[in-house]
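Subject: Structure for your review

Hello,

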Amino acid sequence: MKIRLLLTSVLISAVMVFGSASLSVADITVLGNGHAPIYVSDKNVGDFDFNNDNLIDYYVRAHYTGNSNQVYKVDYKIIDECVDGSTYNDAKLKLGFSTTDFFYFDRTWFTDFDVWTQWFKSGSNDDNKRIDLISLSHGMLPIPFPLSGDDVIQNKDKKKGSFVHKNGIPELDGQTGWEGSVFFRGSPGQYYLWTVHPSGGIDGCDRFAAIGIPIIIN
């Protein structure tokens, strides 16, 4: 089995689908070669700048880990505005997998992927030691913010959480935000891996309810 990232990404508008944008091949930089390349956001393009301030607001780095369990790793760095806060009580982020149909009303959502962070796997942090994905009916959008699914940004007893809040993140042009790594494995196929967050505004990152990265699992 081999897992790779398609060089596109899609964003859906919050509140209502009155507009959309697509990230193209030019938005991704490929590092390395062979069977396990690494895909990272290209901060020199404008599509990761959601509020038009010439600063990157969302960074993703995805690669196959190369171990015997065929695990895929995705690193996220996201500004506070995208997840609605700078504290564990306020920040919200969920994950979902769907088919890659062009029209959202043709998409099917899946919940049977094995997805986790090191925090979810450790100790008694989570009952089933995995991230429960959002569960949506066929053709639905993750708007409003879904009730189903685990909040990915969590901690307990003021210890290090599943994501870490940091100031001055270089990949986000020095802005504050959240950093975290998500691991997953799943059945062969083509999917969108969605980061889903609260939305409701008309400016900046708050107008986007979800960002999808197309993934191929061979």
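Lysine 73 is buried, at a relative accessible area of 18%, where buried means under 20%, exposed over 50% and partly exposed in between (1.4 Å probe, protein chains only). Aspartate 75 is also buried, at 10%. The side chains of these two residues form a salt bridge with an N to O distance of 2.6 Å; the term stands for a side-chain nitrogen of Lys or Arg within 4 Å of a carboxyl oxygen of Asp or Glu.

This is a predicted model, in which local features need pLDDT of at least 70 and side-chain atom pairs count only at pLDDT 80 or more, while totals for chains, interfaces and linings use all residues. Residues are numbered from 1 along each chain as its sequence is written, and side-chain values use heavy atoms, with hydrogens and water left out.

Salt bridges

The structure contains seven salt bridges. In one of them, aspartate 151 pairs with lysine 92, with 3.8 Å between the closest N and O atoms. Aspartate 151 sits in the loop between α2 (118-121) and β11 (164-169), and lysine 92 in the loop between α1 (80-83) and β8 (94-98), so the contact ties together parts that are 59 residues apart in sequence. Helices (H or I, at least four residues) and strands (E, at least two) are DSSP runs, numbered from the N terminus. Aspartate 151 is buried at 14% relative accessibility, whereas lysine 92 is partly exposed at 29%.

Another salt bridge joins lysine 166 to glutamate 179, where the closest N and O atoms are 3.2 Å apart. It links distant parts of the chain, with lysine 166 in strand β11 and glutamate 179 in strand β12 (residues 175-185), 13 residues apart. Lysine 166 is partly exposed at 38% relative accessibility, and glutamate 179 is buried at 15%. Both belong to a network of salt bridges that links Lys77, Lys166, Glu171 and Glu179.

Surface patches

Patches are built from residues with over 30% relative accessible area and no salt bridge, joining like charges within 9 Å and nonpolar side chains (Val, Leu, Ile, Met, Phe, Trp, Tyr) within 5 Å. Areas come from the Shrake-Rupley method with a 1.4 Å probe; for residues, only the protein chains shown count as cover. Asp53, Glu81, Asp84, Asp90 and Asp203 form a negative patch. Asp and Glu count as negative and Lys and Arg as positive, with His and the chain ends not counted; a charge is placed at NZ of Lys, CZ of Arg, CG of Asp or CD of Glu. Aspartate 90 is located in the loop between α1 and β8 and is partly exposed at 43% relative accessibility.

A nonpolar patch of about 470 Å² consists of Phe102, Phe103, Tyr104 and Phe105. Phenylalanine 103 lies in the loop between β8 and β9 (109-110) and is partly exposed, at 44% relative accessibility.

Strands

Six of the seven residues of strand β6 (residues 58-64) are buried, so β6 is largely enclosed by the rest of the structure. β6 pairs with strand β7 (residues 72-79) in the antiparallel sense over seven bridges, pairing being assigned if DSSP finds at least two bridges between two strands. Tyrosine 59 has lysine 77 in β7 as its bridge partner; Lys77 is also in the salt-bridge network above.

In strand β14 (residues 208-217), ten of the ten residues are buried, so β14 too is largely enclosed by the rest of the structure. β14 and strand β13 (residues 189-196) pair in the antiparallel sense over eight bridges. Glutamine 190 has isoleucine 216 in β14 as its bridge partner.

Regards
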